[in-house]
Amino acid sequence: MKQPTIFLVDDDDDDIYLARLTFTAHFPDWALISFEDGQSLIDHLASHPDKPLPDLIIMDLNMPRLTGHETLIILKRHSQWKKVPVAILSTSSNIDDQTRSEAIGACAFLVKPASVDKLAAIILEGKSACEAQ
């Protein structure tokens, strides 16, 4: 069975560290590749068109250069990238952020927790929601 590859897009080093701890403890067979912001993700995808796309992108909303919403729009307009499910993982619990994210094409909107175990549960919830679409 193929190892799932997850791209994490977040500018907060603490959140990336928490995600790495979570994946190490709860999803050791999954490959986690992180990007510091949406522009870094888009640059990577554009410069590696022959590499396999990730199974899931987990992305923050509030980032420099390209926000999560701006990045999501670019992803969903691209003929190949639009196939990749994108889950928003944000500190925002604002219903407008959630509604806009889902309207643009996010398969899940998840609020960041403060612990590894809670993050693991939220990642599984988001992955399941994205697979169901």
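With which side chain does the side chain of Asp117 make a polar contact? Before the answer, some conventions: this is a predicted model, in which local features need pLDDT of at least 70 and side-chain atom pairs count only at pLDDT 80 or more, while totals for chains, interfaces and linings use all residues. Residues are numbered from 1 along each chain as its sequence is written, and side-chain values use heavy atoms, with hydrogens and water left out.

The sheet is open and has 5 strands in the order E2-E1-E3-E4-E5, with parallel pairing, where strands are DSSP runs of E of at least two residues, helices are runs of H or I of at least four, both numbered from the N terminus, and two strands pair if DSSP finds at least two bridges between them. Strand E2 (31-35) and strand E5 (108-111) form the edges, each pairing on one side only. Strand E1 (residues 5-9) runs parallel to strand E3 (residues 56-59) and is joined to it by 4 bridges; Leu8 has Ile58 in E3 as its bridge partner.

Helix H1 (residues 13-26) lies across E1, E2 and E3 and runs at about 175 degrees to E2, the angle being taken from 0 to 180 degrees between N-to-C directions of axes fitted to C-alpha atoms, for helices over the stretch in contact, that is, with heavy atoms within 4.5 Å.

Asp117 lies in helix H5 (residues 116-132), and its side chain makes the polar contact with the side chain of His26 at 2.9 Å, the term denoting N or O atoms within 3.5 Å, one able to donate a hydrogen and the other to accept it within protein, with residues adjacent in sequence counting only if both atoms are side-chain atoms. The C-alpha atoms of Asp117 and His26 are separated by 8.1 Å.
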